[in-house]
Amino acid sequence: MVPNPLRDCTASTWSEEGPGDLGFLVLSHVLNGEPLPLDSRTTGIEDVDAIRLVNAYDPRVLSRRVRVYYSSFELHVDFEVGMTCDVVTQALLEDAQTPDLVEQAETVSVILSGFTETSGSRNDFSIVIEKVEPD
């Protein structure tokens, strides 16, 4: 778990923007957390064998729903965040006797859906990306 930038947040202050806002928290998770499941279905890029994330930027909070569990004072936030990703695609061309791997740089926009929540002590939090789809 990561130290919780939401420790002092409440449902009413969650909508404030800044370096610790939801979009930047999700962006940081994308760049430093588990790899995104990028493929033709999630990016809209056709006829490639592999897609690798190079960079992500321009996070945009499209929707958020904040719930406070008053029995434990935990925050749970469902979100949709759009962002732009620089990716490298790889396609294996088997036209000749020797297969050729072709790489190409592309930029795509994706929408990440998931949730974040605080622990019972509100000292740390987690982000879970449940779905990635083309924007």
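User: How many salt bridges does the structure hold?
Analyst: This is a predicted model, in which local features need pLDDT of at least 70 and side-chain atom pairs count only at pLDDT 80 or more, while totals for chains, interfaces and linings use all residues. Residues are numbered from 1 along each chain as its sequence is written, and side-chain values use heavy atoms, with hydrogens and water left out. A salt bridge is counted where a side-chain nitrogen of Lys or Arg lies within 4 Å of a carboxyl oxygen of Asp or Glu. By that rule, the salt bridges in the structure number five.

User: How many residues apart in sequence are the parts that Asp135 and Arg60 tie together?
Analyst: The side chains of Asp135 and Arg60 form a salt bridge with an N to O distance of 2.9 Å. Because Asp135 lies in the segment after E5 and Arg60 in strand E2, the pair ties together parts whose separation in sequence is 75 residues. Strands (E) are DSSP runs of at least two residues, helices (H or I) of at least four, numbered from the N terminus.

User: Is Asp135 buried, partly exposed or exposed?
Analyst: Buried means under 20% relative accessible area, exposed over 50%, and partly exposed in between, using a 1.4 Å probe and protein chains only. Asp135 has a relative accessible area of 54%, so the residue is exposed.

User: In which strand does Asp78, the salt-bridge partner of Arg67, lie?
Analyst: The side chains of Arg67 and Asp78 meet at 2.7 Å, N to O. Arg67 belongs to strand E2, so the pair ties together parts eleven residues apart in sequence, and the strand holding Asp78 is E3.
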